[in-house]
Amino acid sequence: MKQLRYVMLLKSERGAWKEEINDYTIDTATAFSHATDMIAQFNNSLRPGETRRDLLLVRTKFTSVSNEGLKHLWEKWGAVTQQGGFDTYKCKICGATGKRFGLSDSIIIDKKYKKLIYCPNKYQR
Ligand SMILES: [Zn+2]
């Protein structure tokens, strides 16, 4: 996971302004790709009264990559292996659920929690 902190300069028909962003994201993201995605998402889901925003500039202030401390703390949940050959797991910290298929090492997070690539309660350990 990666922590990104940056300032972006935005423009809409109402003028230009700065916004500071501090977010946790996937390792491959850069401040620029993060900002671009965010603005594209905003522009694609405009509500009444909102106007399109253009990204003028991104200035990175801080970036760090760390894989520790943000993983879910998986605990086997269902007692028996489910039909389809998977075991169910639940994160002891945030309650997200996932499945582990066969003897695979990785737990695939359930769709319902797919936004939680990293455990959101990272500061509570
Ligand atoms: Zn978790």
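**Pairs, edges and domains**

Q: What makes β1 and β2 partner strands?
A: In this predicted model, 11 bridges join β1 (residues 2-12) to β2, and the two run antiparallel. Pairing takes at least two bridges, so β1 and β2 count as a pair. One spot to look at is Lys11, which stands opposite Ala16 in β2.

Q: What makes β6 and β7 a pair?
A: Here two bridges join β6 (residues 97-101) to β7, again antiparallel. The cut-off is at least two bridges, so β6 and β7 pair as well. Gly98 has Ile109 in β7 as its bridge partner.

Q: Which order do the strands take in the sheet with β1?
A: That open sheet has three strands, ordered β2-β1-β3, with antiparallel pairing.

Q: Why are β2 and β3 called edge strands?
A: β2 (15-25) and β3 (54-65) each have a single partner strand, so one side of each has no neighbour in the sheet. From one strand to the next, the twist averages 15 degrees.

Q: What lies across β1, β2 and β3?
A: Helix α1 (residues 31-44) does, and it runs at about 130 degrees to β3.

Q: What about the sheet with β4 in it?
A: Four strands make up that open sheet, in the order β4-β5-β6-β7, with antiparallel pairing. β4 (74-76) and β7 (108-109) are at the edges because each has a single partner strand.

Q: How is the chain divided, and how far apart are the domain centres?
A: There's domain 1 (2-65) and domain 2 (68-124). Their C-alpha centres lie 30 Å apart.

Methods: Residues numbered from 1 in each chain as written. Predicted model: local features only at pLDDT ≥ 70, side-chain atom pairs only at ≥ 80, totals over all residues. Domains from an automatic or database assignment. Axes fitted to C-alpha atoms, helices over the stretch in contact; angles between N-to-C directions. Contact = placed C-beta atoms within 7 Å.
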